[in-house]
Amino acid sequence: GGSIAVFTLLNAVVLRSLPIHEPDRVFQALRASTDETVARFAWPPIQRAQKKLAGRAEIAAVSRIAGMLLEPEGRGAGKAESGAVQLVSGEYFELLRQRPQRGRLLTGSDNVTVGAHPVAVISDAYWRHQLLASETAVGSTLTINGSAFTVIGIAAPQFFGTTLTLRSPDVWIPLVMQPIVRYAQNASSHDGADTRRPWPPQETIEWLSAFVRVPRATDPSAIAAALTVQRQREAVTLFSGDSLGNMRDIVG
């Protein structure tokens, strides 16, 4: 029926053109039913998929890029400016085979308690243009939408992530910080989700894109099939057969 989801892995043109190691092995996960094709996922099932496919494929999650107020340390009260922020899982940079030019990038250990891990990675462009390539940028405080974050690293030059837009992210932060920065974009909810509470723990708020790196010796269709089996098994207990057609968009 319409609630039976089948996964596919899409290696779109933008992914094949990324300046990363083996971009042809990076795919975006899509979930299709007879009703629609969905590219948004909740965080808990992505975490379960990471465990299920450990050793067979890598999976990372990422939000849509959002405009937020950024105020670097020393800028002074009332001097915040709009910047582009993206929330990601700790596996994001490793999946894209990125290395920092300074400090460190986010890792799986940064997928910790919701709202309790205020660390940030800044882009090379933000470091150079907004922080004037300060030697003390790593370890400094960056206030994001009114909350203080510690800058732990600077991404490599030219890195723009997995989203091709007019403005690349200035900052990446752990997705578990969603309620702190009040991110509220590009999501669907169903089955009693409470959008006023933190999104990451909730099974029924779908707000993240999922990217998968498949080893060269592995057929992507086998990974898609494993994701399909997992989703169909979870649907029995988590969604009680609720059709994707019953989902509703909660934000643009």
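Two strands pair if DSSP finds at least two bridges between them. Helices (H or I, at least four residues) and strands (E, at least two) are DSSP runs, numbered from the N terminus. With those terms, we can read this structure.

This is a predicted model, in which local features need pLDDT of at least 70, side-chain atom pairs count only at pLDDT 80 or more, and totals for chains, interfaces and linings use all residues. Residues are numbered from 1 along each chain as its sequence is written, and side-chain values use heavy atoms, with hydrogens and water left out.

## The whole protein

The protein has six helices and 15 strands. Of its 252 residues, 51% are buried. Buried means under 20% relative accessible area, exposed means over 50%, and partly exposed lies in between (1.4 Å probe, protein chains only).

A contact means heavy atoms within 4.5 Å. Take the contacts between residues at least 6 apart in sequence: 72% of them join residues at least 24 apart.

The accessible surface comes to about 11200 Å². Carbon and sulfur atoms hold 53% of that surface. Such areas come from the Shrake-Rupley method with a 1.4 Å probe; for residues, only the protein chains shown count as cover.

Strand β6 covers residues 81-88. Six of its eight residues are buried, so β6 is largely enclosed by the rest of the structure.

Which strand runs antiparallel to β6, joined to it by five bridges? That is β5, residues 66-72.

Strand β10 spans residues 147-154 and is mostly covered, with six of its eight residues buried.

| Strand paired with β10 | Direction | Bridges |
|---|---|---|
| β7 (residues 102-103) | antiparallel | two |
| β8 (residues 119-122) | parallel | four |
| β9 (residues 141-144) | antiparallel | four |

Residue G153 of β10 stands opposite G103. G153 also stands opposite V121. T141 has T150 as its bridge partner in β10.

Strands β9 and β10 form a hairpin with two residues between the strands. In this hairpin, N145 takes a positive phi near 50 degrees.

Most residues other than glycine have a negative phi, and most peptide bonds are trans. Two loop residues deserve a look here.

A133 is not a glycine, yet its phi is positive, at about 55 degrees. A133 sits in the loop between α4 (124-129) and β9. Is A133 buried or partly exposed? A133 counts as partly exposed because its relative accessibility is 25%.

R182 has a positive phi too, near 60 degrees, and is a residue other than glycine. R182 lies in the loop between α5 (178-181) and β12 (187-189). Its relative accessibility is 55%, so R182 counts as exposed.

The search works on a 1 Å grid over the protein atoms alone. A cavity is a set of points where a 1.4 Å probe fits but cannot get out. A pocket is an open set with protein on both sides within 12 Å along at least five of seven lines. Lining residues have an atom within 4 Å of a point. Grid points are joined across faces, edges and corners, and a volume is the space filled by probe spheres set on the points.

How many cavities of 30 Å³ or more does the whole structure hold? The search finds one. The largest cavity holds about 150 Å³ of space. Its lining has 13 residues, and F7, F41, P45, A49 and L227 lie nearest its centre. The elements giving two or more residues to this lining are α2 (43-52), β14 (209-213) and α6 (220-239). Helix α6 gives the most, with four residues.

The largest pocket has a volume of about 260 Å³. It is lined by 19 residues, with Q28, T162, T163, S209 and F211 nearest its centre. Here α1 (13-16) and β14 are the elements that give two or more residues to the lining.
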